[in-house]
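Please keep the model open while reading.

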Amino acid sequence: MRRGILAAAAVLVPLALAGCAPSAAEPFVPVDGAAGTAAASGPSAPTPGADGTPRAGRSPRAETVQAGPDMRLVVEPPVAADAATAGAVAAFRAYYAGSLRIVSLGDRDPTGSETAYLDLLGEEAVRQDYDWVASYWRDHHALHGTVRLYGFATEPLAQGGVRLSACVDMAGTRTVDTRTGREATPRDAWMAEPFLHAADLREDGGVLRIQSFSHALYPSEDAKRCLR
């Protein structure tokens with residue numbers, strides 16, 4: 001089953017994409033720069049506590065990962081999370097780090113890296129991710145800056161698994177033309193306000209994988225909860 005999905009990913013993701021994905025073991029560091037807080041490299045190792053719950057007497061701190069040379073992902077984990085929620089958050093976070101690295105590079109550096117983050121995705125999610133990243137290298141664009149994830153919430157799915165929703169703030173990013181190094185204009189209007197991004201996750205081969213994505217853009221009611 002997984003072999004077939006990875007084969008499909010290899011077909012979907014051309015050489016320009018294949019060279020840009022990060023290692024799944026990118027370290028996370030607290031936003032304040034203090035050392036000693038590491039994040040899960042996959043969905044089975046949640047943070048901040050070993051069981052996915054906040055450490056006693058503390059609220060979880062925001063964490064950041066350098067997803068690419070010019071891309072930073074900041075994650076504000078839920079205040080309290082059971083093991084299922086923490087695993088879903090870790091999978092979503094690892095996916096975002098991998099996908100953002102690709103779009104931060106655009107059509108640069110087309111060889112030599114792995115696309116390990118694609119193994120967190122089912123077939124439909126691979127197709128959806130491809131539509132997103134292909135728009136960057138096709139247009140010679142790259143996304144730079146800071147993306148924030150916060151406001152995580154989960155709900156069970158009728159067919160099994162869980163739907164994780166998260167607020168995404170891309171206002172701190174800019175789109176750059178990789179041929180000139182200058183900011184590309186006009187900026188996509190949907191990036192100006194936070195939006196809601198949801199992922200349906202189910203276990204596949206013993207690994208929690210994202211099966212599909214959906215989103216709600218501002219000013220929809222679902223996205224309004226992301227304003228702050």
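Predicted model: local features only at pLDDT ≥ 70, side-chain atom pairs only at ≥ 80, totals over all residues.

S99 belongs to helix α3, which spans residues 83–105. Leaving aside residues up to four places away in sequence, the contacts of S99 are Y117, D129, W132 and V133.

## The disulfide

The structure contains 1 disulfide, formed by C167 and C226, whose sulfur atoms lie 2.1 Å apart. This pair ties together distant parts of the chain, since C167 sits in strand β5 (residues 162–177) while C226 is found in the segment after α5 (221–224), at a separation of 59 residues. The torsion about the S-S bond of C167 and C226 is about -80°, so the disulfide is left-handed. Both cysteines, C167 and C226, are buried.

## The largest pocket

The volume of the largest pocket is about 390 Å³. Its lining is made up of 16 residues, and those that lie nearest the centre of the pocket are Q128, W132, H197, F213 and H215. W132, one of these residues, is also among the contacts of S99.

At least two lining residues are supplied by each of α3, α4 (123–138), β6 (195–204) and β7 (207–216); helix α3 is also the element that holds S99. By residue class, the lining of the largest pocket consists of 9 nonpolar, 5 polar and 2 charged residues.

Definitions and conventions:
Residues numbered from 1 in each chain as written. Heavy atoms only, no water. Helix = DSSP H or I, 4+ residues; strand = E, 2+ residues; numbered from the N terminus. Contact = heavy atoms within 4.5 Å. Disulfide = S-S within 2.5 Å. Buried < 20%, exposed > 50% of the residue type's maximum accessible area, 1.4 Å probe, protein only. 1 Å grid on protein atoms, 1.4 Å probe; cavity = no way out; pocket = protein on both sides within 12 Å on 5 of 7 lines; lining within 4 Å. Points joined across faces, edges and corners; volume = space filled by probe spheres on them. Nonpolar A, V, L, I, M, F, W, Y, C, P; charged D, E, K, R; others polar.
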